[in-house]
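Hi everyone, thanks for coming.

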Amino acid sequence: KSSATMSEPEANPSATASTVNRRTWLRRATWGAGTLAAGVVVDTFFIEPHWLEIVERDLPIRHLPSHWSGKRLVQISDIHVGDTVRDNYLIQSFQRVAQYQPEIVVFTGDYVSCAPSRREIPPIEQARRVYAHLPQGTAATLGILGNHDYGNSWTSEVAAAQVQKVLEDSGLTMLRNSAVDVNGLTIVGLLVAEDSASITLAAADGKRHTLRRDELDPSGNQQ
């Protein structure tokens, strides 16, 4: 056990008082704010776009057919092919996912990002090169569109159709308010509202499990 007694410190005649004038304080505060802002920029544009985190979770579905028990589904979201994320990083990430050999792969939107100068024109040729390495599920490879896939205005059906064509040419089945049956497991892709989409898994007469884009990151942040 230890204890400490508080007391007034003795004066030290040899000590020199430290003073900070207003100009010095403002200079230090400005430097600190600038450093913080620079850190946010570095994290946003250089670190986070290339920060891969793989999170494994159980997906309990009541009355799941026995042949699906223990199988693997991979959800991938917000790839954003464009000027922000390096193509090689995306391709390497796809290759890493493929090593898991999942039965089902679902992509939940934002396959591309349109540069401000390009308006509603997606980077189609760049996307074609990247998605040539799309990881495939052994049973199904499915996806839904995200808001960025509709161009910078989030409203261009022309842009969305171009993005969908690239993905389908790469082996993905796009679900737009539609459903597919994958060996007894019904998978529904819904566009609920602007910037809100989900994929729902359901067994016959059983509990459903919905995969939303914000489920990817345990902190609630989209990745």
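Predicted model: local features only at pLDDT ≥ 70, side-chain atom pairs only at ≥ 80, totals over all residues.

**The sheet, a helix and some rings**

So, strand S2 (residues 104–108) and strand S3 (residues 140–144) pair in the parallel sense over five bridges. A word on terms: helices (H or I, at least four residues) and strands (E, at least two) are DSSP runs, numbered from the N terminus, and two strands pair if DSSP finds at least two bridges between them.

Residues are numbered from 1 along each chain as its sequence is written, and side-chain values use heavy atoms, with hydrogens and water left out.

Back to the sheet. It's an open one of four strands, in the order S1-S2-S3-S4, with parallel pairing. S1 and strand S4 (173–174) are at the edges with a single partner strand each, so one side of each has no neighbour in the sheet.

Now, what follows S1 (73–76)? Asp78 is buried, at a relative accessible area of 12%; buried means under 20%, exposed over 50%, partly exposed in between, with a 1.4 Å probe and protein chains only.

On to H2 itself. Its buried residues are Tyr89, Leu90, Ile91, Ser93, Phe94 and Val97. They pack against S1, S2 and helix H3 (124–131), where contact means heavy atoms within 4.5 Å.

Last, the rings. The structure holds four aromatic pairs: rings of Phe, Tyr and Trp (its six-membered ring) pair if their centres lie within 6.5 Å, and planes under 30 degrees apart count as stacked, over 60 as edge-to-face and the rest as tilted. Take Phe94 and Phe107: their ring centres are 6.3 Å apart and their planes sit at 90 degrees, so that pair is edge-to-face. Phe94 lies in helix H2 and Phe107 in strand S2, so the pair ties together parts 13 residues apart in sequence. The rings of Phe107 and Tyr111 have centres 6.3 Å apart too, with planes at 40 degrees, so this pair is tilted.

Are Phe107 and Tyr111 buried or exposed? Both are buried, and Phe107 has a relative accessible area of 0%. Phe94 counts as buried too, at 4%. To finish, Phe94, Phe107, Tyr111 and Tyr131 form one aromatic cluster.
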